[in-house]
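Biologist: I am new to this structure and would like to learn how to read its features one at a time. Could you take me through a few of them, with the general idea before the case?

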Amino acid sequence: MLTQIINGRILTPQGWLKDGSMVLRNGKILEVTNCDLAIIGANIIDAKGMYVVPGGIEMHAHGGGGRDFQEGTEEAFRTAVDAHLHHGATTMYPTLSSSTIPMINKAVETCEKLMQEENSPIAGLHLEGHYLNKAKAGAQMPEWLKDPDPNEYVPIVENCPCLKRWDAAPELPGAIQFGRYCSDRGVLPSIAHTQAEYSDVKAAFEAGYTHVTHFYNAMPGFHNKREYKYEGTVESVYLIDDMTIECVADGIHVPPTILRMAYKIKGVERMALITDALALAATDSDAKAFDPRVVIENGVCKLSDRSALAGSIATMDRLIQVAVQTAEIPLEDAVRMCSETPALIMNINDHKGTLQKGKDADIMILDDDLAVRCVWQMGQIVENSLF
């Protein structure tokens, strides 16, 4: 069965296509064309002049819909992924905060099972910790943080094909070796929860840490040590042109002015937008965070002692709205930072991230207020308030 989307402003790698159409079949994009003549026998979708853009790729989310990936169960994974799907995240990397080895093993088992299902939106597992700097623990469980241990991480990497990313603080003893080991085996090492200065960041980059987790959060900027001034992790990352970053674009974790500055310095090709969402995202219920220390206040998750932020309640559509409406980033670039750039960072751009012939039919339709009106995941409608 053919599906044809007409009468929309389609975002292609070449820019906006205003008078064309897109044809879908068997979960793939069959054609993106400047012809909008209806195909006989096709299921015609009238986009009503709205924006037709690639589905979002969520690189960093801990949960949603009232469930957290740390629970490790199929029900928790399915509920959280489905909650984000309805808001435009058509590809997800479920993320675990610092966890015990049994928790990691349980999540790995569930993730690998679900990834084997046909047209699964799950692209792999992301471990945020537990090799993090205790001085920058933020909302991580401090008692679970430690230095990288090859006796621990080697078996996990070797036996968990679903693992695609693992974060660490590069200044910790053994972290450079850890990053090199992960990189050599196709697992992206990312700098996180760190006090790294330029020499640490440079060494990390050379060892394979080409990405930075929730940039600006849980890392220092320019600072003093007694009477002398030192660059922080932030400035060090800016100085390395090819290092990519992700920012929590909920309008709270990173002020809109700083979000725009990061975009202007790093550019759309090296900056992704993430939710860092907790279980409280995409739910109107009385759901609670997996971590009992976390409370929600004024639309943001934080530790109950107010010492640190603790993830967000944002969804993919919120990222685009904040980037465009408050950080004044052009819509096409905001969308690319939610789709094309994450696909490049995670090395899945051969079939994800842009609306092109032969790629997966992961699509969002956004109205003029940038609200999600329709979502396709692998050619199947999962959200529809368009017709």
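Biologist: Is Ala107 buried or exposed?

Modeller: Keep in mind that this is a predicted model. A residue counts as buried when its relative accessible area is under 20%, and Ala107, with a value of 0%, is therefore buried. Ala107 has its place in helix H2, which spans residues 101-115, and, leaving aside its neighbours within four places in sequence, Ala107 is in contact with Phe69, Gly72, Phe77 and Leu96.

Biologist: Which way do the side chains of strand E1 point?

Modeller: In a regular strand the side chains alternate between the two faces of the sheet. In strand E1, residues 3-6, Thr3 and Ile5 point one way while Gln4 and Ile6 point the other way, and all of them are buried.

Biologist: Which strands pair with E1, and in what sense?

Modeller: Strand E6, residues 43-46, pairs with E1 in the parallel sense over 4 bridges, whereas strand E4, residues 21-25, pairs with E1 in the antiparallel sense, also over 4 bridges.

Biologist: How many salt bridges does the structure hold, and which partners does Glu74 have?

Modeller: The structure holds 20 salt bridges. The side chain of Glu74 meets that of Arg78 at 3.2 Å, N to O, and both residues lie in helix H1, residues 74-85, where they are 4 residues apart, about one turn of the helix. Glu74 also forms a salt bridge with Lys113, the closest N and O atoms being 2.4 Å apart. This second pair links distant parts of the chain, with Glu74 in helix H1 and Lys113 in helix H2, 39 residues apart. As for accessibility, Glu74 is partly exposed at 27%, as are Arg78 at 37% and Lys113 at 47%.

Biologist: What is the largest pocket like, and which residues line it?

Modeller: Rolling a probe the size of a water molecule over the atoms shows where empty space is left. Here the largest pocket has a volume of about 500 Å³ and is lined by 27 residues, of which Ala139, Gln140, Leu309, Ala310 and Gly311 lie nearest its centre. By class, the lining has 11 nonpolar, 12 polar and 4 charged residues.

Note on methods: Residues are numbered from 1 along each chain as its sequence is written. This is a predicted model: local features need pLDDT of at least 70, side-chain atom pairs count only at pLDDT 80 or more; totals for chains, interfaces and linings use all residues. Side-chain values use heavy atoms; hydrogens and water are left out. On a 1 Å grid over the protein atoms alone, a cavity is a set of points where a 1.4 Å probe fits but cannot get out, and a pocket is an open set with protein on both sides within 12 Å along at least five of seven lines; lining residues have an atom within 4 Å of a point. Grid points are joined across faces, edges and corners, and a volume is the space filled by probe spheres set on the points. Ala, Val, Leu, Ile, Met, Phe, Trp, Tyr, Cys and Pro count as nonpolar, Asp, Glu, Lys and Arg as charged, and the others, Gly among them, as polar. Helices (H or I, at least four residues) and strands (E, at least two) are DSSP runs, numbered from the N terminus. Buried means under 20% relative accessible area, exposed over 50%, partly exposed in between (1.4 Å probe, protein chains only). Contact means heavy atoms within 4.5 Å. Two strands pair if DSSP finds at least two bridges between them. A salt bridge is a side-chain nitrogen of Lys or Arg within 4 Å of a carboxyl oxygen of Asp or Glu.
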